[in-house]
Amino acid sequence: MHDLELLNKEQQEAVLHTEGPLLILAGAGSGKTRVLTYRIAHLIEECEVYPWNILAITFTNKAAGEMRERVDRIVGQGAESIWVSTFHSTCVRILHRHIDRLGYDQKFTIYDTEDQKTVLKDVCRRLQIDTKLYKERTLLNVISHAKNEYISPVEYQSSVRGDFRQEKMAEVYLEYQKELKKNNALDFDDLLVKTVELFESCPDVLERYQDRFRYIMVDEYQDTNTVQFKLVSILAGKYQNLCVVGDDDQSIYRFRGANIENILNFEKVFPNTRVIKLEQNYRSTQNILDAANGVIQNNISRKEKALWTDNERGEPVVFKLLQSAYEEAEYVTGDIRKKLNSGAAYRDFAVLYRTNYQSRTFEEKFLMANIPYKIVGGVNFYSRKEIKDILAYLKTIDNGKDDLAIHRIINVPKRGIGAVTINKVQAFAESREISFFEALESVGEIPGIGKALLKIQPFVNLIHEWRLRLGELTLEKLINEILERTGYAGDLEAEGTDEAQARLDNIGELISKAVTYEKEAEHPVLGEFLEEVALVADIDSVADSDDRVLLMTLHSAKGLEFPYVYLAGMEDGIFPSYMSIAADDPLEEIEEERRLCYVGITRAMKELTMTAARIRMIRGENHYNNVSRFVREVPKELLGNRTYVPDAPKAQEPPRSSAYARAKEAFRTKTFDPKQFKVVKADRLDYGVGDRVSHIKFGEGTVLDVTEGGRDYEVKVEFDRAGVKKMFASFAKLKKIESL
DNA sequence: CCTACTACGCTTTTT
DNA sequence: GCGTAGTAGG
């Protein structure tokens, strides 16, 4: 066996403990991926376990790919028959074979968030639900949450009897689910739910997979939700060889249903669990680690642990407060340049932020400074309009039941099939209880269809033709034919704009992805390609080989490491986000934000820089935020002297330049109207986001937001008794009672 | 049936 | 500030 000597005592223990439940509490940078790969190698080579009896589950395809690669390197033979994949792709693979047992067609489609919204809108219209009263977003959250907790529409309905609002939402959930089934579609959450359903209702199928996956390993276990837990525990039910690796301090997906109880209660659910803690960090300097510990120890609900390292103390952590987001980006760019000059490579840097929109300023600066970068996240490649259009064609050719896909392309490019015609077809389909596409196929029988027949017929014929020729056409040829014969490419070319060209380029990229797929797959089929494409996250496309600075959200950065890390936008209201400050349970939400901060800090190997901006433009308005409480939680002695942290934020005298800069900023972004200056605008406020203030009428409250209005500061306060109020600072005469 | 304009609402984080 | 949804006019 390969040198177990390379592992420390705890790591070795984890590798050697192969039988029975095992919980590995692995701190950041403690070498858990290494343990997992060695463990797999050990199982195969020393314990005579067949490779196909091993299932390793990760969260992203990228992580799966990396693990596979590392396993390949140390396992001589049979590595390819180990299942290393994400929860979602594991489920897709299983469902693909057995979903007919649940009454679905095996050629199901996967709906992304946009598709979900379309269905939901439709459902709301049919149920005559006012989408102003029931926000689309809320409804989707409710549905997703129910699914994550493995609550069916019927169960949900009976659990909320008596609450009118929730009853309504239950109705939506029920109807939404019906619609999905009708379209032979599953959303992301369904992939997990349906797999568990399958196992619960078909013991024979379950046993087959239990026997197949005798050894199961789950990475990033702290981010599993209830269904995922159910899935894993049901699969491991027979042999009990379940090894999970996680770190409660890095649990950052509560909003998505991740259930921290899964890790905290693991030992209760699996008696005889062996618990191993990996506490030695191999990644970061002592300073970075101390900063991380300083922050995370402010969380109350966590398992106590002590990360330590043999690494050197390293450079001090840097905090830099800048005037604006613009200057923030400029500072980071300059700092990167400096380090590049002393030998660092582009790929050594990552800029991490809380929200995707923060990437824009950095992008601009990097472009100007000629620094190659890659933005991870934001709009997923596969959610771009042109890509979704082409995919909708492919879905229609592959699965005639997906009404959504057909609706999307029936008139794209323009064929003169408008809303009136579509409604007629829809009504006809509903009256006959057939799918939309089937209705199109018998367009001749639709009453009052008129001339539209001549427009629909050729479209249907085209789809039919492609279906027939599916066997002989490669994906590349098929997509090219779609582009040519529908006029899709022609339209874009005719447009001649840069944007149209970018769209064409994107489609080109889709084609090359299709080509790669066909080259790599054993038996390439359209349906499988579509499945694969549906489950791609943006982070998956990050190759270690390209030498670029990476820009991404803190969430996307989980599991990665970089020599130089910048945490940008360290401001209360940005990070922690105002949503968490204003939440019903701010304590818990802020603890989640703090874990996110911990994840961010621990990505850094050599140097960590945190930055904040005094003034930040959000949605065209200037915001004045306090320096993030997380910065203040970093022990002072760790911060270098280039650093400036205001002690009591907003209480002290502002630097002279700031009022001027602010005026300039306001002038630059707002139309200057002298009449507006009737109210005397306070030069600056002595309170900021997160501070406690009192109001003569409303009593005490917490400041949620401070916005630059034209003539005054607009302050949003959540009062303990009076609720949330927006008011002008000069009238409100708020008094600060305590700062954070 | 399509296009152009206006109003509104929205932003956490993602498989 | 931006994108989308809804509406009016061609």
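Predicted model: local features only at pLDDT ≥ 70, side-chain atom pairs only at ≥ 80, totals over all residues.
The surroundings of DNA strand C are formed by Lys 121 together with Arg 619 and Gly 620.

Helix 1 covers residues 9-16, and Gln 11, Ala 14 and Val 15 are buried in it. These residues sit on the same side of helix 1, because the arc that they cover around the axis is only 100°. Among the elements that cover the buried residues of helix 1 are strand 1 (22-26), helix 2 (32-46) and strand 8 (274-278). A further contact is found at the start of helix 1, where a side-chain oxygen of Asn 8 comes to within 3.1 Å of the backbone nitrogen of Glu 10.

Strand 2 (residues 54-58) and strand 3 (residues 83-86) run parallel and are joined by four bridges. In one of the pairs, Leu 55 has Trp 83 of strand 3 as its bridge partner. Together with helix 3 (residues 61-74), strands 2 and 3 make up a β-α-β unit, which is right-handed.

Two residues other than glycine have a positive phi. For Asn 184 the angle is about 55°. Asn 184 belongs to the loop that lies between helix 8 (164-182) and strand 5 (185-187). Its relative accessibility is 2%, so Asn 184 counts as buried. For Glu 220, which is likewise not a glycine, phi is positive and near 50°. The loop that holds Glu 220 lies between strand 6 (215-218) and helix 11 (226-235). Glu 220 also counts as buried, because its relative accessibility is 9%.

Two prolines in loops were also examined. Pro 524 is located between helix 24 (498-520) and helix 25 (526-534). With a relative accessibility of 36%, Pro 524 counts as partly exposed. When neighbours within four places in sequence are left aside, Pro 524 is in contact with Tyr 517 and Glu 518. Leu 475 is 49 residues away from Pro 524 along the chain, and the C-alpha atoms of these two residues are separated by 9.0 Å. Pro 576 lies in the loop between strand 15 (562-567) and helix 27 (578-581). The peptide bond that joins Phe 575 to Pro 576 is cis, with an omega of about 5°.

How values were computed
Residues numbered from 1 in each chain as written. Chains lettered and ligands numbered in written order. Heavy atoms only, no water. Buried < 20%, exposed > 50% of the residue type's maximum accessible area, 1.4 Å probe, protein only. Contact = heavy atoms within 4.5 Å. Near = heavy atom within 4 Å. Pairing = 2+ DSSP bridges. Right-handed = clockwise from strand over helix to strand, strands pointing away. Arc of directions from axis to C-beta. Polar contact = N/O pair within 3.5 Å; in protein donor to acceptor, adjacent residues only side chain to side chain.
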